[in-house]
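Student: Can you take me through this one? I have a few quick questions.

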Amino acid sequence: MTSISLTSGQLYEIVNLLCEKGEKAESDDDLILADYYCKMAEQFADVSTKLCDLPSEDRVANLILAMN
């Protein structure tokens, strides 16, 4: 099992990067890839939004990768 801790600022940077990648893919007429990046950005944005509900000292997302 592997875990990654991300602050709200790091999540913000990930969302921005994924949006940029999506926009680039869209301008290159690769709509499937653009959709892929946009959906990933939405997932990270959802995590970031949930962090806003927590007190500032607890605003860290712990993402865990578990394999069967």
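Tutor: One term to begin with: accessible areas come from the Shrake-Rupley method with a 1.4 Å probe. This is a predicted model. The protein chain exposes about 5400 Å², and carbon and sulfur atoms supply 55% of that area.

Student: What share of the residues is buried?

Tutor: Of the 68 residues in the protein chain, 18% are buried.

Student: OK, and which elements are there, in what order?

Tutor: The protein chain has two helices and two strands. From the N terminus on, they run β-α-α-β. The radius of gyration is 14 Å, well over the 11 Å that the globule rule gives for 68 residues, so the chain is more spread out than a compact globule.

Student: What box do the C-alpha atoms fill?

Tutor: Roughly 40 × 30 × 15 Å, taken along the principal axes.

Student: Switching to charges. How many positive and negative side chains?

Tutor: The protein chain has 5 positive and 13 negative ones. The centres of the two sets lie 3 Å apart.

Student: How many salt bridges does a search of the whole structure find?

Tutor: Two. In one, the side chains of Asp28 and Lys24 meet at 2.7 Å, N to O. The other joins Lys39 and Asp35 at 3.3 Å, N to O.

Student: Where do Lys39 and Asp35 sit?

Tutor: Both are in helix 2 (residues 31-51), four residues apart, so about one helical turn separates them.

Student: And is Lys24 buried, exposed or partly exposed?

Tutor: Lys24 is partly exposed, with a relative accessible area of 48%. Asp28 is partly exposed at 46%.

Note on methods:
Residues are numbered from 1 along each chain as its sequence is written. This is a predicted model: local features need pLDDT of at least 70, side-chain atom pairs count only at pLDDT 80 or more; totals for chains, interfaces and linings use all residues. Side-chain values use heavy atoms; hydrogens and water are left out. The radius of gyration is taken over C-alpha atoms; the globule rule is 2.2 Å times the number of residues to the power 0.38. Buried means under 20% relative accessible area, exposed over 50%, partly exposed in between (1.4 Å probe, protein chains only). Lys and Arg count as positive and Asp and Glu as negative; His and the chain ends are not counted. The place of a charge is taken as NZ of Lys, CZ of Arg, CG of Asp or CD of Glu. A salt bridge is a side-chain nitrogen of Lys or Arg within 4 Å of a carboxyl oxygen of Asp or Glu.
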